[in-house]
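This report describes selected local features of one structure.

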Amino acid sequence: MKIKVSRKAHFNAAHRLYRQDWSDSKNNAVFGKCNNPNFHGHNYELVVSVTGKIDSETGFVIDMKVLKDLIKKEIENSFDHKNLNLEVAEFKNLNPTAENIAVVIFNKLRPLIDAKNELEIVLYETPRNFVTYSG
Ligand code: NI
């Protein structure tokens, strides 16, 4: 039997979507308002889920305090109140779309979660737009 446990987290961050190798008009056509050269912010909502067996001794899949602290240390401390393009190394050459942010979060957390458990990242960029990545 497997069960999924989830922890919600939150960060505010600024970004700009564009490609240096594209013209201004193509960047505007593809990325619209998200190509604003002065950046813009989002209130990102993050749901990190771990799926696995319930430990017979603790009754946990993962200690939620441990998961909370991992998310705080690895994600919130790196992303919250940051300009993703300028201040977060992973996005120096990677467009900080919701898709790419979710993959970066997954890749940061995956080595820190017991390998026998599954990891899933759900990232809301707006209340209506969200992406899911599980490797
Ligand atoms: Ni945006």
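## Aromatic pairs

Rings of Phe, Tyr and Trp, the last by its six-membered ring, count as a pair if their centres lie within 6.5 Å. The model examined here is predicted. Searching the whole structure gives six aromatic pairs.

W22 has a relative accessible area of 25% and is partly exposed, whereas F31, at 17%, is buried. Elsewhere, F11, Y44, F79 and F91 are linked by ring pairs into a cluster.

## Charges over rings

W22 also has a charged group over its ring: the charged end of K26 sits there, 4.4 Å from the ring centre. A second case involves R16, which lies over the face of Y18 at 3.9 Å from the centre of that ring.

## The nickel site

Which atoms coordinate the nickel ion? They are NE2 of H15, SG of C34, NE2 of H40 and NE2 of H42, at 2.1 to 2.5 Å. Along the chain these donors follow the spacing H-x18-C-x5-H-x1-H. H15 and C34 link distant parts of the chain, being 19 residues apart. H15 belongs to strand β1 (residues 3-15), while C34 is in the loop between α1 (24-31) and β2 (40-52). Both H15 and C34 are buried.

Why is the arrangement of the four donor atoms irregular? The angles they subtend at the nickel ion run from 92 to 142°. For reference, the ideal angle for four tetrahedral donors is 109.5 degrees.

## I62 in its loop

I62 is located in the loop between β2 and α2 (64-79). Is this residue buried or exposed? I62 counts as buried because its relative accessibility is 15%, and the class requires a value under 20%.

Apart from neighbours within four places in sequence, I62 is in contact with V5, V50, L67 and I113. I62 and S6 are 56 residues apart along the chain, and their C-alpha atoms are separated by 9.8 Å.

Note on methods:
Residues numbered from 1 in each chain as written. Predicted model: local features only at pLDDT ≥ 70, side-chain atom pairs only at ≥ 80, totals over all residues. Heavy atoms only, no water. Donors = N, O, S within 2.8 Å, 3.2 Å for Na, K, Ca; no water. Tetrahedral: all angles 85-135°; square planar, octahedral: opposite > 155°, others 65-115°. Helix = DSSP H or I, 4+ residues; strand = E, 2+ residues; numbered from the N terminus. Buried < 20%, exposed > 50% of the residue type's maximum accessible area, 1.4 Å probe, protein only. Phe/Tyr/Trp six-rings, centres within 6.5 Å; stacked < 30°, edge-to-face > 60°. Lys NZ or Arg CZ within 6 Å of the ring centre and 35° of its normal. Contact = heavy atoms within 4.5 Å.
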